[in-house]
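This report describes one protein chain from its coordinates.

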Amino acid sequence: ANEALALLTVSAHEALPQEQSRSIRSTHSSRATGSGGFFIFTHPKGERRMTRRLTAATVMAGLMGTTAMAQYLDLEKDELKFGFIKLTDMAPLAIAYENGYFEDEGLFVTLEAQANWKVLLDGVIDGQLDGAHMLAGQPLAATIGYGTEAHIITPFSMDLNGNGITVSNEIWEEMKPHVPLMDDGRPQHPISAASLAPVVEDYKDQGIPFNMGMVFPVSTHNYELRYWLAAGGLEPGYYSPENISGQIGADVLLSVTPPPQMPATMEAGTIFGYAVGEPWNQQAVFKGIGVPVITDYDMWKNNPEKVFGITAEFAEENPNTTLALTKALIRAAIWLDENDNANRPEAVEILSRSEYVGADYDVIANSMTGFFEFEKGDRRPAPDFNVFFRYNATYPFYSDAIWYLTQMRRWGQIAEAKPDSWYVDMAKEVYKPEIYLAAARLLVDEGLANEADFPWDSDGFKAPTPTGDIIDGIGYDGTAPNAYIDSLPIGLKGEQTVIGNEVQG
């Protein structure tokens, strides 16, 4: 693995000679390939057609007039299939595809929506997918052996923020008497789960289980929903090696529902609310069936979200391909955030297509273009609800990985206490900033990115999160994971474990 990473760093500064094949994009973001003067333009959808004969000299003359362009690396594999779930934060994949950034790197990429997060993860592990838009907890959990065991890495973090917690209209009406109001009569945000606690207690008294949905046991949404509930004094439940329901000792029973099915599942009464990424919170508003009560930005300002995951084996066997795909994703992220989100309306149009997220343009635009709607008509500015590049969003920080691991330990998915050094070691097994920076260096050298936009001297740890940026006022320092875990009022601490139906130790 170390030899492969060394090769990545060296190969980042070695482009193929100009006379070798490079990509040419037509007005349809096509790529030209060919030999002996014959070029076939390949449409992104896979359609191949001969358009005309071009001599190599003609092609090179056109290329020489380009002031900034991607340089081909000596790719080990150029035909790739990537998976995603229908969420707006898959946007870097869609934009890298539609804007021709993959093709600029010599990559023929197919993007394929997956039914759920487990199917997606299994596809990457068994090689049906070369990589995927992943929950940040998935490569970490797989690498430490929680669930399906496999060494998965990430060279690229896909975004910050982007999630919310929504409750049904009926639950919202029961919560409202406990929610503080602003002078104009609208709810004061962020809304604490303390306003939900009396409702949960009432249901408990009636013998009605209070069910809420999240998308996967190691998802950000699971940990954010748990964080919000615990910050409001509600027990979200524990996991144990013998009981992986996550409902041990729970006041609120959390279960898995795939993101696109969240609104319908809540409308059917199976769950009373959920935590999910966009556009499925705004979909509840548009359908008139629910009210988002908090965004994850309001819970933890600029919290880490999805990652792009590949197997360690893929990275070792395909170091230049790994660099190339990372370059394309960085360019897509830059495009999504540049000029104060000026490209977001175009991005929304792309994402609204059935092959990507497939939700109405207005539903996706509600959050992607700088606003977020809570109650119908209560539309508030949220310029950083979706962040794809600024604030070093795409850099895979070790401290982000460690936060996820602390939450796994907090709720019993990691059954026994680990030393601080273990958290750091596991983060470094999965998060690969060295690959990211090698790709970024190539982009800067090619004139496709700005030197100042990357944290070249980072040690992989963000500065501690200020207490004012987190809903419970408890700061996070990734260099001290056990101290952080012990500072949280609800959850496992120290040497505690879950035995049977109770916390011991």
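The sections below cover the basis of the model, the overall fold, the cavities and some local features.

## Basis and confidence

This is a predicted model, in which local features need pLDDT of at least 70 and side-chain atom pairs count only at pLDDT 80 or more, whereas totals for chains, interfaces and linings use all residues. Residues are numbered from 1 along each chain as its sequence is written, and side-chain values use heavy atoms, with hydrogens and water left out.

The pLDDT, which is the predictor's confidence in each residue on a scale from 0 to 100, has a mean of 89 over the chain, and 86% of the residues reach 70 or more. Over residues 1-66 the pLDDT is below 50, although this stretch has 115 contacts in the model beyond near neighbours in sequence; a contact here means heavy atoms within 4.5 Å. Where pLDDT is low, the predicted coordinates should not be read in detail.

## Overall fold

The chain holds 20 helices and 19 strands, these being DSSP runs numbered from the N terminus (helices H or I, at least four residues; strands E, at least two). Of its 505 residues, 58% count as buried, where buried means under 20% relative accessible area, exposed over 50% and partly exposed in between (1.4 Å probe, protein chains only).

Among contacts with a separation of 6 or more, 72% are between residues 24 or more positions apart. The accessible surface comes to about 19,200 Å², of which 50% belongs to carbon and sulfur atoms; such areas come from the Shrake-Rupley method with a 1.4 Å probe, and for residues only the protein chains shown count as cover.

## Cavities

A cavity is a set of points, on a 1 Å grid over the protein atoms alone, where a 1.4 Å probe fits but cannot get out, and its lining residues have an atom within 4 Å of a point. Grid points are joined across faces, edges and corners, and a volume is the space filled by probe spheres set on the points. Two cavities of 30 Å³ or more are counted. The largest cavity holds about 100 Å³, and its lining includes Thr220, Glu224, Tyr227, Trp300 and Tyr484. Helices H9 (220-231), H12 (296-299) and H17 (398-410) each supply at least two lining residues, with H9 giving the most, three. By class the lining has eight nonpolar, two polar and two charged residues, where Ala, Val, Leu, Ile, Met, Phe, Trp, Tyr, Cys and Pro count as nonpolar, Asp, Glu, Lys and Arg as charged, and the others, Gly among them, as polar.

The second largest cavity holds about 50 Å³. Of the 16 residues that line the second largest cavity, Ser157, Leu160, Pro304, Ala393 and Asp400 are the closest to its centre. Ser157 lies in strand E7 (residues 152-157) and is buried at 5% relative accessibility; its contacts, leaving aside residues up to four places away in sequence, include Lys306, Ala393 and Tyr431.

## Local backbone features

Most residues other than glycine have a negative phi, and most peptide bonds are trans. A cis peptide bond, with omega about 0 degrees, joins His189 and Pro190, and Pro190 is in the loop between helices H7 (169-175) and H8 (197-205). Another cis peptide bond joins Glu278 and Pro279, with omega about 15 degrees.

Asn339, not a glycine, has a positive phi of about 55 degrees; this residue is found in helix H14 (residues 319-341) and is exposed, with a relative accessible area of 62%. Asp340, in helix H14, also has a positive phi of about 55 degrees and is exposed at 76%.

Conventions. On a 1 Å grid over the protein atoms alone, a cavity is a set of points where a 1.4 Å probe fits but cannot get out, and a pocket is an open set with protein on both sides within 12 Å along at least five of seven lines; lining residues have an atom within 4 Å of a point.
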